[in-house]
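This briefing is meant for a reader meeting the structure for the first time. Please look it over before reading the notes that follow.

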Amino acid sequence: MAKQYWLLKSEPDAFSIDDLIKAKQQTSFWDGVRNYQARNYLKAMKVGDLAFFYHSSCPIPAIVGIIEVVQEPIPDPSAFDPKSPYYDPKSTPATPRWFMPKVKYKKKFSSPITLESLKNNPRLSPASFALLKRGNRLSVMPVTSQEWQAILAMID
DNA sequence: GCCAACGTTGGC
DNA sequence: GCCAACGTTGGC
């Protein structure tokens, strides 16, 4: 299977790319995803896949860097913890419902690729790129290699 | 199994 | 803070 590309959203107030840079070994489990479609994408991730790190719900929504999948998804223990905001009583250790891959920091762009500039890129179509779809709420989405290259080409 | 109400996401 | 989008819940 060829390497695949993804986009992972995070609210920088909760977990930013700088938090990942500061993390031990610059790696972190990508936990807390509680949406089935996003979960299914997570489970499709393979070691070596690359993903854009996207900051959402912040003053300037933007792709801020690149991360790499370094461990395939394992059950997300935050779903088992009644004190966690991500607690889901329907997910148990015996029948886990939610999963998390481990990701590693790869690169931070010197200037972020803003959502505005992504919208203005004629090589990216809202029809194919979920991030640009109106009302999009998906926090994990696939990126085609064409889109990946088109976005990388926006770095000056 | 339908669907209205409700809650959450996320850009603006 | 507003509001559109849309996923989830729960009554029937």
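How many bridges join E3 to strand E4, and do the two run parallel or antiparallel? In this predicted model, strand E4 (residues 62–75) is joined to E3 by six bridges, and the two strands run antiparallel.

**Strand E3 and its partners**
- E3 and E4 form a hairpin with six residues between them, and Ser 57 in the turn has a positive phi of about 50°.
- Within this pairing, Leu 50 stands opposite Glu 68 in E4.
- E3 is also joined to E1 by six bridges, although here the strands run parallel, and Leu 8 has Phe 53 in E3 as its bridge partner.
- Strand E3 (residues 50–55) is mostly covered, with six of its six residues buried; Leu 50, Phe 52 and Tyr 54 point one way, whereas Ala 51, Phe 53 and His 55 point the other way.

**The largest pocket**
- The largest pocket holds about 580 Å³ of space, and among its 18 lining residues the closest to its centre are Lys 9, Gly 32, Val 33, Tyr 86 and Ser 139.
- Strand E1 (5–10) and strand E2 (27–29) each supply at least two residues of this lining, which divides into seven nonpolar, six polar and five charged residues.

**DNA strand C**
- An N or O atom in the side chain of Arg 134 is 2.9 Å from a phosphate oxygen of DNA strand C, while one in the side chain of Arg 137 is 2.2 Å from a base oxygen of DNA strand C.

Key: Residues are numbered from 1 along each chain as its sequence is written. Chains are lettered from A and ligands numbered from 1 in the order in which they are written. This is a predicted model: local features need pLDDT of at least 70, side-chain atom pairs count only at pLDDT 80 or more; totals for chains, interfaces and linings use all residues. Side-chain values use heavy atoms; hydrogens and water are left out. A polar contact is a pair of N or O atoms within 3.5 Å; within protein, one must be able to donate a hydrogen and the other to accept it, and residues adjacent in sequence count only if both atoms are side-chain atoms. On a 1 Å grid over the protein atoms alone, a cavity is a set of points where a 1.4 Å probe fits but cannot get out, and a pocket is an open set with protein on both sides within 12 Å along at least five of seven lines; lining residues have an atom within 4 Å of a point. Grid points are joined across faces, edges and corners, and a volume is the space filled by probe spheres set on the points. Helices (H or I, at least four residues) and strands (E, at least two) are DSSP runs, numbered from the N terminus. Ala, Val, Leu, Ile, Met, Phe, Trp, Tyr, Cys and Pro count as nonpolar, Asp, Glu, Lys and Arg as charged, and the others, Gly among them, as polar. Buried means under 20% relative accessible area, exposed over 50%, partly exposed in between (1.4 Å probe, protein chains only). Two strands pair if DSSP finds at least two bridges between them.
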